[in-house]
Amino acid sequence: MKIGVVGTGYVGLVTAAGFASRGHHVTCVDISPEKIASLESGVVPWYEPGLSELVTEAVEGGRLAFTTDISVAAESADLMFVAVGTPPNDDGSADTSAVFKAAEDIGKAITRQMPVVVRSTVPVGTTEKVRAIVAEEAGFDCPALSNPEFLREGKAVEDFNAPSRVVIGCQHYGEAQKLVDLYSDFVAPGLILTVDTRSSEMSKYASNAFLAAKISFMNEIASLCEALGADVEDVRKVMGFDPRIGSKHLAPGIGYGGSCLPKDTLAVIDMGRRADVPMPLMENVHSVNERQPARLLQRLTGALDGSLSGKTVAVWGLAFKQDTDDVRNAPALRLIDRLASDGASIRVFDPMAMDAAKAVLGDEIEYAEDMYECVADADAVVIVTDWSDFKTVDWQRIKGLMNHPIVVDGRNMHDPIEISLHGIDYYSVGRVPAETDYGLDADDDLDAGPDMHESIRTFGAD
Ligand SMILES: NC(=O)c1ccc[n+]([C@@H]2O[C@H](COP(=O)([O-])OP(=O)(O)OC[C@H]3O[C@@H](n4cnc5c(N)ncnc54)[C@H](O)[C@@H]3O)[C@@H](O)[C@H]2O)c1
């Protein structure tokens, strides 16, 4: 099939390269000449595992091309995808102006009927508006389909190839056939779910809102665990055994970020406001998330005798999660902002997101070459992103490098007992405080015997 993709960002490029890798001919359109020039020169301007290789292979095979001219894509296309951004407006509503502009451009560029597929995350009713705009500009009606993207950044290529489900929203089932055929090549029929466009649009928001709710729920439970002396890591493991709950996406920490969950949660609240349907649950999901970085900051400030002024704080991780360099709405940025206004000097390190962060944070902070340089003479280090690099740490070296060996773990990546045995003050989210006496000392071999400290954690230290 010949496919046009309007918007060559995370979603557009993965969609384009994914279909090209399955033998289709795809032309990507973007309004950013820099992005198109970079892709034409073979450089994917952001980090996503496996994407660069997929793009190179498709370009070399003559199945993937890039342009800023939409008519080039429209000329030969059998169908057009819209994958432009829908960032939040100041009032939390989704800004759909780029989607409507893309619809307008498509309407002007096409000379025959073809499905226009909305891949962007859009408020309920948007796909119907896209259909009207395309028809108005083209002078003839085209099917408009909703096909929300569920990819996870960091696992986008994997998710494209093995999606948990493909949702196709249409106004008439016959109109969805071409898109069903496109996916049927590699997705089992039972995973291609055809619904009406409004339900399709809502299913994307509902999914993200639910994921956000799981995280905020665990963060609220973590606060209670902290206050009552329970260990949220054990609590969530126990919960995860219940198949009705499941073990995924229950990690407490610094809160969710990224380009999707924060904005989509706000968009759901906004849709409720417009439809006069109160959304108290989603409002609280959002506010619990907003306060998480401040909670960590509070712990950090407490550990540093009540003041950050004049202290050097190292920050490990800037990306909103591991395996991406995306810093959009990253919790690290909010934390750094607060650290700076509280008078701390800040030094940061991220394995992939340094350039992306520099573009936002500028020269006000220090950028380290690696995680050890980052903590040199620091008064504390905060772990913000769950990169695997921050999992395997030489704690003795860290202790030797730091001014004060204080670690605030915003992702609960480490074992409090193990770190405390290195003489490091360790704080995490919703877990037994570092000063708890486990009856162990540094000579005890934590790996000896049948999960010695696991059983202590399970049955309690007392
Ligand atoms: N990033 C994710 O993980 C993810 C996952 C699922 C869904 N989504 C949704 O997919 C959509 C796209 O997200 P993204 O992260 O890929 O955004 P992005 O900002 O990375 O990419 C959007 C691209 O669209 C281009 N663009 C804007 N207006 C255009 C126009 N009129 N014509 C051509 N190009 C235009 C921009 O220059 C940009 O390159 C959003 O609605 C988002 O919510 C994103």
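Me: What should I know about the model and its numbering before reading it?
Reply: The model is predicted: local features need pLDDT of at least 70, side-chain atom pairs count only at pLDDT 80 or more, and totals for chains, interfaces and linings use all residues. Residues are numbered from 1 along each chain as its sequence is written.

Me: Which domains does the domain assignment give?
Reply: Domain bounds come from an automatic or database domain assignment. Here that assignment gives domain 1 (2-187) and domain 2 (261-459). Their centres, taken over C-alpha atoms, are separated by 36 Å.

Me: How many residues does the contact take from domain 1 and from domain 2?
Reply: Two residues are in contact if their C-beta atoms, placed from the backbone, lie within 7 Å. Domain 1 supplies 15 residues and domain 2 supplies 14 residues. For residue classes, Ala, Val, Leu, Ile, Met, Phe, Trp, Tyr, Cys and Pro count as nonpolar, Asp, Glu, Lys and Arg as charged, and the others, Gly among them, as polar. On the side of domain 1 that touches domain 2 there are eight nonpolar, four polar and three charged residues.

Me: At what angle do helix 11 and helix 12 pack?
Reply: Helices (H or I, at least four residues) and strands (E, at least two) are DSSP runs, numbered from the N terminus. Axes are lines fitted to C-alpha atoms, for helices over the stretch in contact, and angles run from 0 to 180 degrees between N-to-C directions. Helix 11 (residues 261-274) and helix 12 (residues 280-303) pack at about 150°, with axes 9 Å apart. Angles under 35 degrees count as roughly parallel, over 145 as roughly antiparallel, 65 to 115 as roughly perpendicular and the rest as oblique. Helix 11 and helix 12 are therefore roughly antiparallel. Their contact joins Thr265, Leu266, Val268 and Ile269 of helix 11 with Met282, Glu283, Val285 and His286 of helix 12.

Me: Is the crossing of helix 11 with helix 12 left-handed or right-handed?
Reply: A crossing is left-handed if the near helix is turned anticlockwise from the far one by less than a right angle, and right-handed if clockwise. Helix 11 passes helix 12 in a left-handed crossing.

Me: How does helix 12 pack with helix 13?
Reply: Helix 12 and helix 13 (residues 331-341) have axes 9 Å apart and an angle of about 50°, which makes helix 12 oblique to helix 13. The crossing is right-handed. Pro293, Ala294, Leu296 and Leu297 of helix 12 meet Pro331, Arg334, Leu335 and Arg338 of helix 13. This contact has six nonpolar, no polar and two charged residues.

Me: Which residues come nearest to the ligand, and which helix gives the most to the shell?
Reply: A residue is near a molecule or strand if its C-beta atom, placed from the backbone, lies within 6 Å of it. Of the 27 residues around the ligand, Gly7, Gly9, Val11, Ser120 and Thr121 come nearest. Helix 5 gives the most to the shell, with four residues. By class, the shell has eleven nonpolar, ten polar and six charged residues.

Me: Where does helix 5 lie relative to helix 6?
Reply: The axes of helix 5 (residues 97-109) and helix 6 (residues 126-138) come within 7 Å and cross at roughly 35°. Helix 5 passes helix 6 in a right-handed crossing.
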